Amino acid sequence: MPEPRNHPDEAMEPAGGTGASMGLGQDEARSLEKPLPGQPGPPGPPEQPVVDKPRSLWSDAWRDLRRNPVFLLSAVVIVFLVVIAIRPQLIADGNPLSCDLANSQKGSSPGHPFGFDNQGCDVYTRVVYGARASVTVGICATVGAALLGSLLGGLAGYFGRWPDAVLSRVSDIFFGIPIVLGGLVFLSVITNSTVWPVVGFIVLLGWPQIGRIARGAVITAKHNDYVQAARALGAGNGRILLRHIAPNAVAPVIVVATIALGTYIALEATLSYLGVGLKPPTVSWGIDISQASTQIRNAPHMLLWPAGALSVTVLAFIMLGDAVRDALDPKLR
């Protein structure tokens with residue numbers, strides 16, 4: 001009788017048997033699944049369209065500002081002014097109060113490109129140091145007027161009724177005061193030569209304008225649906241004002257405050273020119289312009305340089321305000 005095949009070698013399938021055919025079929029199937037170069041692959045699930053994340057008003061405004069050459073130019077000038085206001089020693093190593101009458105009204109000379117004034121002081125050094133007073137008054141007065149006006153105007157616009165009526169009548173009183181005449185009356189009795197009395201006066205007469213802008217913005221924002229929804233969910237007045245109304249009503253205030261900053265710098269120079277603003281030994285462009293106005297024929301350089309620095313500074317801040325207004329106002333897009 002024939003012996004049974006029990007050897008493992010004999011039990012294995014030959015190379016060309018069924019197992020090899022199955023392995024070959026699987027390899028062919030995998031190769032068929034791979035698309036050839038230049039051929040589209042098998043149809044799959046449709047790709048979801050990429051949806052851009054919605055941008056806020058502030059992100060759109062910043063994008064527009066970065067592309068605005070007016071904003072870039074004014075920002076460079078303002079940054080330069082702020083730097084020299086903080087550290088005037090970076091570009092002027094002299095003392096603005098060090099004067100020599102022997103150099104009175106002399107013109108440009110080596111080391112003194114702007115010449116000398118009546119007292120023999122270096123005009124270049126005084127122009128550089130004068131930026132500190134003007135920039136300090138402009139920024140501090142703007143921040144103070146914006147904070148006070150936004151607070152009073154926002155509360156009046158949100159609560160209405162008698163707070164709104166009181167604010168309207170008080171702002172009407174301040175609007176009726178001529179700002180230069182008010183400065184002559186208010187500052188003439190103050191002997192302090194620092195910038196703070198001038199800052200306080202500008203804040204006192206500057207907040208009603210920003211207060212009215214803030215009041216109108218809050219009245220518009222408080223009728224929106226998201227404010228009504230927050231109130232229906234039980235949010236208090238403080239939360240609604242800080243979390244929902246203030247972020248959406250602050251844009252007009254920023255625009256007005258930025259434009260007003262240049263006006264406040266010009267106002268400080270005007271009051272100093274009239275003798276009721278900053279007083280010596282404080283270095284100010286308005287003081288230098290006042291002292292040089294009587295010598296414009298004999299030494300025009302005394303008036304040219306401080307007046308030019310003042311004009312460039314005011315123009316830079318006004319240009320910055322216009323650029324910010326164009327970026328934050330959706331109607332101008």
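Colleague: Is C121 buried or exposed?
Modeller: C121 counts as buried, at 3% relative accessibility. Buried means under 20% relative accessible area, exposed means over 50%, and partly exposed lies in between (1.4 Å probe, protein chains only). This is a predicted model, in which local features need pLDDT of at least 70 and side-chain atom pairs count only at pLDDT 80 or more, while totals for chains, interfaces and linings use all residues. Residues are numbered from 1 along each chain as its sequence is written, and side-chain values use heavy atoms, with hydrogens and water left out.

Colleague: Which residue forms a disulfide with C121?
Modeller: The partner is C99, and the two sulfur atoms are 1.6 Å apart. A disulfide is a pair of cysteine sulfur atoms within 2.5 Å. The link of C99 and C121 is right-handed, with 70° about the S-S bond. Both C99 and C121 lie in the loop between α4 (69-86) and α5 (123-159), 22 residues apart, and the pair links distant parts of the chain. Helices (H or I, at least four residues) and strands (E, at least two) are DSSP runs, numbered from the N terminus.

Colleague: How many disulfides does the structure hold?
Modeller: The structure holds one.

Colleague: What is the relative accessible area of C99, and what is that of C140?
Modeller: C99 has 38% and is partly exposed; C140, at 25%, is partly exposed.

Colleague: A change of topic: where is confidence lowest in the protein chain?
Modeller: Confidence is lowest in helix α1 (residues 8-11), at a mean pLDDT of 44, and highest in α4, at 94. Here pLDDT is the predictor's confidence in each residue, from 0 to 100. Where pLDDT is low, the predicted coordinates should not be read in detail.
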